[in-house]
Amino acid sequence: MIRTGMAAGLLLALMAGTASAQNSQRVVEAQAAKFQVPLCNLKGNKAADNGQKALKKAIEEKDAAKRASSYQEALEQLTQAVTEDPTNSAGWYYLGRYYLYQGDLAGLDSAWTKAVAVNPSCEIDINTTRQNTWAMLANAGIEFLRVENTDSAMVLFRQANTVFRELPHVLLQTGGIYANMGQDDSAAVYLAKAAEVAAMDTSYVEERHSAPPHLAIVQQRMERHQDASQSLKTYLSWHA
């Protein structure tokens, strides 16, 4: 069995909520009830400005019906903004914020990937929120693993991997679970990504010890012997 433990020091405080395969109510409930000013300069247009104002109103609105109406207006205006100008960084940034408050992590990932592409100065702001969201979801997933609720853990790990993929821990977790389920194709994808990310930082000691040899085991089961040999060579090169 492939071990799927995560260092306890990585776990953050749990947020209440229920896991969903598509959207995350847990993420929705974790958001601040006050609009946050971005930490980067944004280029926009009239539609982006209108969308930002509608989003601010929605976030701070107490009445549920009015809040829903403002969110809808924000979505329409921000969609118009990036349709009119695909390089509109304000439109993409606030569209990502909209999806964050809706718990739509795939939408968030898409919008914020485009925001950084057109305005790299927003990367720190965006990645801070991505990583905080990732940590919350990862932590909750670990709690499900502790009570052997693998299905719920996997939902949360997939969500975490959607919102942030620059840390190896959850990638390794997900790959290990797939491997234990006998889903070697999926396991190989996640374990390879975990090994790739772990290679970027020597502080990922546990992940460097785990990802390549576990990947090699999966590749051997898939009869990808040359790939397995390379994975073991990578592992040995890190411990030479």
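A: Glu223 is exposed, at a relative accessible area of 64% (exposed is over 50%, buried under 20%, partly exposed in between, with a 1.4 Å probe and protein chains only). The model is predicted, so local features need pLDDT of at least 70 and side-chain atom pairs pLDDT 80 or more, while totals for chains, interfaces and linings use all residues. Residues are numbered from 1 along each chain as its sequence is written, and side-chain values use heavy atoms, without hydrogens or water.

Glu223 lies in the loop between helix H10 (205-221) and helix H11 (225-238); helices are DSSP runs of H or I with at least four residues, numbered from the N terminus. Although Glu223 is not a glycine, its phi is positive, about 60°. Glu148 also has a positive phi of about 60° without being a glycine. Glu148 sits in the loop between helix H6 (123-146) and helix H7 (150-163), and is exposed at 71% relative accessibility.

Elsewhere, helix H4 (residues 89-102) packs against helix H5 (residues 105-118) at an angle of about 155°, with axes 8 Å apart (axes are lines fitted to C-alpha atoms over the stretch in contact, and angles run from 0 to 180 degrees between N-to-C directions). H4 and H5 are therefore roughly antiparallel, a term for angles over 145 degrees. In H4, the residues that meet H5 include Trp92, Tyr99 and Leu100; in H5, those that meet H4 include Leu108, Trp112 and Val118, contact being heavy atoms within 4.5 Å.

Notes
Helix = DSSP H or I, 4+ residues; strand = E, 2+ residues; numbered from the N terminus. Parallel < 35°, antiparallel > 145°, perpendicular 65-115°, else oblique.
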